[in-house]
Amino acid sequence: MTVTVEARRRRAEIASARGAHPAPAAGPAAVREEIRASWARSAATVAPDLDVAPMSDPDDVERVWRGSPLQHAVRVMGPQLERAAEDGDLVVAVTDASARILWTSAGRVMRRRAESVGFAPGGRWDEASVGTNALDLALRTGQLSTVWSAEHFAHAVEGWVCWAAPVYDERTGRALGVVDLSTTWDRAQPLGPATAGALAQLVQHAASTARSRSDGPDGPAGPVGATGGLAVQVLELRLLGAGEARLGGRRLQLTRRQLEVLALLALHPEGMSLPELHASLYGDAPVTTSTLKAEVSHVRAALGGALTSRPYRLALPVRTDVDAVLDAVAQGEPTAAAERYGGELLAGTESPELRQHASYVTCAVREALLAAPAAEAALRWARTCPWDAEVLSAALAAVPAGEPSRALLAARLAAADL
């Protein structure tokens, strides 16, 4: 586990500020104002050496959980939330509107660590009970909140980082609780906040959908499929030229690396193991598997859960422009292939497998154009590959004298030779 010097320095600065509590007005910039304010409120009710969160009556927690629309949402989203916990070495928690934990999911090791500090169903994580934490701040501010390491008020949880996002009733706007992702501070990933926010949005939608069904003539909603009850939609990947991903026509907000993950999974409909995906994406680069798991978790959230684990596999229909180009080549339609070719596959990618596949696609189209040289196909190819003099020369040689297209080909060829 790699912990950066910057992370250690930041943790030391925060701990120093805690030692100076109440913090001076001109204290270290690492301590945010909302954290300082929470420390001040917490000091009135919580001892810093609190070692475990107080627990609610189990029967009362069970009663609240059974009546909460969030239970329906977790029933729908359960597999996705459990995979997020497993992939990211996380504890995933859902609370009620008082920051009382109603449900958690985690692997064996992380669950044991969490339960040792009362981060389990029934645990009361409101500020007055345990001091500064992300669950309470998210409910208090109505925004995605992060509390990192020594920002926690209770020393017992200074080894944790938590990202929490509020969940609302979409009909009334009333807060239902939060979705929280927690892990140890040395496992923290930059994608943690974005993943927490995306999962909270999905839980909120699932809770509202379930409530609408329970209000309908058919009674309470039953379990639904792995896509969280969403209608099956087509994932469209444009990988040639400027890449983008669309789900049901809606553009997904993904980083370049996450788009590369999608591209690799689209190339492997049978699925990929974690080591296979890591090797194909990073090669020999020193990138941890935790980083890759965080990228996959974000992609899964963007797809509404339609990405399985063990192996990683896209669980929805996929269309790519790469397939369209290769299909045209296979059917002996070089003009159509040249028209659909939008440029090099994710140009500039450092993924070994994607670079290899980019070369394969480009070579396939070029060979088709050289095997059956034609003016229209060569001119379309020149829109994206204007430097390819060989394709233009072959087409020019194949066009009879007097054909108008010869002038265009000659001009393109002259420009390619500059």
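Leu 346 sits in the loop that links helix 13 (334-340) to helix 14. This is a predicted model, and in it Leu 346 takes a positive phi of about 40 degrees, although it is not a glycine. Most residues other than glycine have a negative phi. Leu 346 is also tucked away: it counts as buried because its relative accessible area is 1%, and the cut-off for buried is under 20%.

Ala 99 counts as buried, with a relative accessibility of 1%.

Is Val 365 buried or exposed? With 1% relative accessibility, Val 365 is buried. Leaving out residues up to four places away in sequence, Val 365 touches Val 325, Val 329, Ala 337, Ala 338, Tyr 341 and Trp 381. Glu 295, on the other hand, is 70 residues from Val 365 along the chain, and their C-alpha atoms are separated by 32 Å.

Helix 14 also meets helix 9 (residues 256-267): their axes come within 10 Å and cross at roughly 65 degrees. The crossing is left-handed. On the helix 9 side, the contact is made by Glu 260, Ala 263, Leu 264 and Leu 267, while helix 14 brings in Glu 353, Leu 354 and His 357.

Five of them form an open sheet in the order 2-1-5-4-3, with antiparallel pairing. Which strands stand at the edges? They are strand 2 (101-106) and strand 3 (145-148); each has a single partner strand, so one side of each is left without a neighbour in the sheet. On average, neighbouring strands here are turned by 15 degrees against each other, ignoring direction.

| Strand pair | Sense | Bridges |
|---|---|---|
| Strand 1 (residues 91-95) and strand 2 | antiparallel | 5 bridges |
| Strand 3 and strand 4 | antiparallel | 4 bridges |
| Strand 4 and strand 5 (residues 175-184) | antiparallel | 9 bridges |

You can pick out some facing residues as you look. Thr 95 stands opposite Ile 101 in strand 2, and Thr 146 stands opposite Trp 163 in strand 4. Cys 162 has Ser 182 of strand 5 as its bridge partner.

Strand 4 (residues 160-168) is mostly covered, with 8 of its 9 residues buried. The hairpin of strand 4 and strand 5 has 6 residues between the strands, and in this hairpin Gly 173 takes a positive phi near 80 degrees.

**The cysteines**

How many disulfides does a search of the whole structure find? The count is 0. Take Cys 385: the closest cysteine sulfur to its own belongs to Cys 363 and is 11 Å away, too far for a bond, since a disulfide needs the two sulfur atoms within 2.5 Å. Cys 385 is buried, at 6% relative accessibility. Cys 162 is buried as well, with a relative accessibility of 6%.

**The chain as a whole**

Stepping back, the protein chain has 17 helices and 11 strands. Its C-alpha trace spans about 90 × 60 × 35 Å along the principal axes. Of its 418 residues, 49% count as buried. Looking at contacts with a separation of 6 or more, 62% come from residues 24 or more positions apart.

**How confident is the prediction?**

The chain averages a pLDDT of 85, and 91% of the residues score at least 70. Where is confidence lowest, and where is it highest? Helix 1 (residues 5-19) has the lowest, at a mean of 76, and helix 10 (residues 274-282) the highest, at 95.

Two stretches call for a separate mention. Over residues 23-28 the pLDDT stays under 50, and the model has 6 contacts beyond four places in sequence for them. Residues 216-231 also stay under 50, and there the model has 20 such contacts beyond four places in sequence.

Definitions and conventions
Residues numbered from 1 in each chain as written. Predicted model: local features only at pLDDT ≥ 70, side-chain atom pairs only at ≥ 80, totals over all residues. Heavy atoms only, no water. Pairing = 2+ DSSP bridges. Helix = DSSP H or I, 4+ residues; strand = E, 2+ residues; numbered from the N terminus. Axes fitted to C-alpha atoms, helices over the stretch in contact; angles between N-to-C directions. Buried < 20%, exposed > 50% of the residue type's maximum accessible area, 1.4 Å probe, protein only. Contact = heavy atoms within 4.5 Å. pLDDT = per-residue confidence, 0-100. Left-handed = near helix turned anticlockwise from the far one by under 90°.
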